[in-house]
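Colleague: I am new to this structure. Please take me through it, one place at a time.

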Amino acid sequence: MDKDSGAMTVFFSLLLISFLLILNVCVEGIYAWKAKGAFALQQEMTGEYALACYHKELWEQFHLLAIDGRYYKKMESSLKTNWTRNGNPPLTKLLVKRGDALTNTEVLKHEIREYMKYKETTDILKRLSNALKGVEDESNSKKYGEAIGKVKSQEDKDVKEAMKQSTKEYEQVKDPREGLSKLLSGNLLKLVLPSDHSLSKKSISIVYGTKGKETFHGINFFSPKSVEETMKENKKSKASTNISTEGLSVAYAREVFSTAIDPQRDAGIRYEMEYLIGGKNRDDQNLEVVVKKLLLIRFCLNYGYLIKDAGKNAQAEAMAAAIAGPASAVPGVVSGIRLLLLAAWSYGEAILDVKGLLAGKKIALSKNNATWSLSLKNLGKLSGTAKTVKNGIGYKEYLELLLLLQTNKEEKYKRMMDMISLRIQEKQKDFTLTDSLFSFTLQFEEKVSALLMGNGYDFSAVRIFSY
């Protein structure tokens, strides 16, 4: 009996020890699992804490989220302090690695789209489509240019000979093209800007974008070839095909960047959206690029209407006959001068259109007799005012159109980077977009002491965080 009792005692002792060992392993396992979970949770909290240190001005002015470059310089020590603040064991290692900065065009596109998706995107794209309606088909610039290129003009030899036969008593009509050409030989911006507009000539530091190299040819309304070449510059628009991919970015640019018709900013570049189009290193140069592009569009649209208007064609025909004098007997001369007069008239109307746009008016996309502003007799002195219409499109809509017409879609994003940098640098001189991080990688290593047995646990993890 004693022998059996001793055996039972040993058995239960071993059973108890086994139970305690299993219990110990279970408790230690739960402890390790909990420590690992706390380690993972703290990683997330640390990353979120870093993301909360975004650049305030970038968000307020441009609705872009990025790590403040000033914070990035002290990010490692800050995150280590934040880690232990919540009672966690100190990290044995924390490495911060740079991710994508806002200088990555794909990142900038993503941020813009994320912001714009909270807008009424359907209305935005519909507005852009309406603004473009008619631009692609209405101008027929190539067809009109080729027609003008075939006509005779006062430069032709047979016309000059006919002019010599004119009697001294013949009093030639004052050709309004002369007055228009004289006006165009002066300061173009002075011709179209409102009298109270203070022209900015501030310089632009081009860092991310490519300097614009686009040039424009002058137009000679006495030369069919010159008019033909100008019309051919107005290449067929493909803007509507870009609306689905670039429409929201263009609408974003309109919302956050200043233009020539916005209230003047106290400091910095004033024609920001114009820079996105022109890419020149001075405010006035970018505005001039935009004006010349708008003149070209309006010129071709106006000519498309004028060539079909019987009444205005009759006026131009009568003036052409008076200008030609005895040379009107030469076949095709009057018709040629008429077409060149119509071209000059269309360009004069375009100048009034652009002047109206810069004054904040909305101009009819396609003109008719009611919305036409310039009379032929006033062409030489450009006296008149553009007629505004309720359903017309304004200056900012035209800027959106010009951005949609850009062949290099990436360029506007790079130029946006320049404008963003320059504006932030007005208050923060050391700001750079390369230090403004959209994403970053954190490498964690932590050693946790064991609860009951063992040498402890080594945890490690690599996490990528982004906005």
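Colleague: Does Leu 91 count as buried or exposed?

Modeller: The relative accessibility of Leu 91 is 15%. Buried means under 20% relative accessible area, exposed over 50%, and partly exposed in between, with a 1.4 Å probe and protein chains only. Leu 91 therefore counts as buried.

Colleague: What pLDDT do side-chain atom pairs need to count?

Modeller: Residues are numbered from 1 along each chain as its sequence is written, and side-chain values use heavy atoms, without hydrogens and water. This is a predicted model: totals for chains, interfaces and linings use all residues, local features need pLDDT of at least 70, and side-chain atom pairs count only at pLDDT 80 or more.

Colleague: How far apart in space are Leu 91 and Glu 446, C-alpha to C-alpha?

Modeller: Leu 91 is in strand E1, residues 91-98. Beyond four places in sequence, Leu 91 touches Phe 39, Trp 83, Phe 444, Glu 445 and Glu 446 (contact: heavy atoms within 4.5 Å). Leu 91 and Glu 446 are 355 residues apart in sequence, yet their C-alpha distance is 4.7 Å.

Colleague: What share of the contacts with a separation of 6 or more joins residues 24 or more positions apart?

Modeller: The chain has 19 helices and three strands (DSSP runs numbered from the N terminus: helices are H or I of at least four residues, strands E of at least two). Of its 467 residues, 48% count as buried. Among contacts with a separation of 6 or more, the share from residues 24 or more positions apart is 78%.

Colleague: What distance separates the C-alpha atoms of Phe 257 and Tyr 275?

Modeller: Phe 257 sits in the loop between helix H13 (239-256) and helix H14 (272-278). Phe 257 counts as buried because its relative accessibility is 2%. Its contacts beyond four places in sequence include Phe 62, Met 273, Leu 276 and Met 416. Tyr 275 is 18 residues away along the chain, with a C-alpha separation of 9.9 Å.

Colleague: How is H15 oriented relative to H18?

Modeller: The axes of H15 and helix H18 (residues 395-405) come within 11 Å and cross at roughly 90 degrees (axes are lines fitted to C-alpha atoms, for helices over the stretch in contact, with angles from 0 to 180 degrees between N-to-C directions). Angles under 35 degrees count as roughly parallel, over 145 as roughly antiparallel, 65 to 115 as roughly perpendicular and the rest as oblique. So H15 against H18 is roughly perpendicular.

Colleague: How many residues of the contact of H15 with H18 are charged?

Modeller: H15 brings Leu 287, Val 290, Lys 293, Leu 294, Ile 297 and Arg 298, and H18 brings residues including Tyr 395, Leu 399 and Leu 405. Ala, Val, Leu, Ile, Met, Phe, Trp, Tyr, Cys and Pro count as nonpolar, Asp, Glu, Lys and Arg as charged, and the others, Gly among them, as polar. The contact has 10 nonpolar residues, no polar ones, and charged ones numbering two.

Colleague: At roughly what angle do the axes of H12 and H15 cross?

Modeller: Val 227, Thr 230, Met 231 and Glu 233 in H12 meet Leu 296, Phe 299, Cys 300 and Tyr 303 in H15. The two axes come within 9 Å and cross at roughly 110 degrees.

Colleague: Which element gives the largest share of the lining of the second largest pocket?

Modeller: On a 1 Å grid over the protein atoms alone, a pocket is an open set of points with protein on both sides within 12 Å along at least five of seven lines, a cavity is a set where a 1.4 Å probe fits but cannot get out, and lining residues have an atom within 4 Å of a point. The second largest pocket holds about 300 Å³. Its 14 lining residues include, among the closest to its centre, His 217, Lys 292 and Tyr 347. Four lining residues, the largest share, come from H15.

Colleague: About how much space lies in the largest cavity?

Modeller: There are two cavities of 30 Å³ or more. Residues lining the largest cavity include Gly 69, Arg 70, Phe 431 and Asp 435. By class, its lining has one nonpolar, four polar and four charged residues. The space in the largest cavity is about 60 Å³ (joining grid points across faces, edges and corners, and counting the space filled by probe spheres set on them).

Colleague: Near what value is phi of Leu 382?

Modeller: Leu 382 is in the loop between helix H17 (333-358) and H18. Leu 382 counts as buried because its relative accessibility is 11%. Its phi is positive, in a residue other than glycine, and near 50 degrees.
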